[in-house]
Amino acid sequence: MTTATKPKLTLQEFLQLGETKPASEFINGEIVQKPMPQGEHSVLQGEFCDVINQVAKPQKIAYAFPELRCTFGGESIVPDIAVFRWERIPLLPSGRISNRFEIHPDWAIEILSPDQNQTKVLGKLLHCSRNGTDLGWLMYPEEESILAVFPGQRVELYKGADPLPILNGIELELTVETVFGWLSFS
């Protein structure tokens, strides 16, 4: 179960605190610790990052980051997967990747854990949408469904053989069945 406490600190003070495991986020003025990922969550996160990066990285289209802190719009969140278009990935003058991402992801993906509050997780995706994120996914492993959040905070539900919306420019076709099929090891 996630725990939330009223902070007596600002976003900048929060960012100076040490990292926690699992990560803590600063959302709506509260410090919220994410739940520890379990089996289904870990498989979906790993598979999805691999699939996106196999398609998008070689052509320098985008990159999928697991558990990357993104600070923007007065909040600091750690999406389960944050996908950034290649040209938006923050770089140092040397060309190396920056450790700090102070911009919104282009595609934010959250995987709902059994004891996680879906309203709070959806709230993170809506925050992303309000601040420029093109696509958000809220994956429900127990229901085998995916809620997608589009610009303007339009929300659509996908199930079964429904083709899933993908970030523009990434040549990938996935259905809900395909994504949740990654959970089968038999």
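Reader: In which sense do strand 9 and strand 10 pair?
Author: Antiparallel, over five bridges, with strand 9 at residues 135–140 and strand 10 at residues 145–150. Strands (E, at least two residues) and helices (H or I, at least four) are DSSP runs numbered from the N terminus, and two strands pair if DSSP finds at least two bridges between them. This is a predicted model, where local features need pLDDT of at least 70, side-chain atom pairs count only at pLDDT 80 or more, and totals for chains, interfaces and linings use all residues. Residues are numbered from 1 along each chain as its sequence is written, and side-chain values use heavy atoms, leaving out hydrogens and water.

Reader: What stands opposite Leu-138?
Author: Leu-147, in strand 10.

Reader: Which strands does helix 3 touch?
Author: Helix 3 (residues 118–130) packs on the sheet and touches strand 8, strand 9 and strand 10. Contact means heavy atoms within 4.5 Å.

Reader: What is the strand order of the sheet?
Author: The order is 4-7-8-9-10-11, in an open sheet of six strands with mixed pairing. Strand 4 (62–66) and strand 11 (154–159) are the edges, each pairing on one side only.

Reader: New topic. Which residues touch the most other members of the largest nonpolar core?
Author: Val-83, Trp-107, Trp-137 and Ile-170, out of 30 residues. Such a core is a set of buried Ala, Val, Leu, Ile, Met, Phe, Trp, Tyr and Cys residues joined through side-chain atoms within 4.5 Å; buried means under 20% relative accessible area with a 1.4 Å probe, protein chains only.

Reader: What gives the most to this core?
Author: Helix 2, with six residues. Another core, of 20 residues, lies apart from it and includes Ile-89 and Tyr-140.

Terms used: Axes are lines fitted to C-alpha atoms, for helices over the stretch in contact, and angles run from 0 to 180 degrees between N-to-C directions. Buried means under 20% relative accessible area, exposed over 50%, partly exposed in between (1.4 Å probe, protein chains only).
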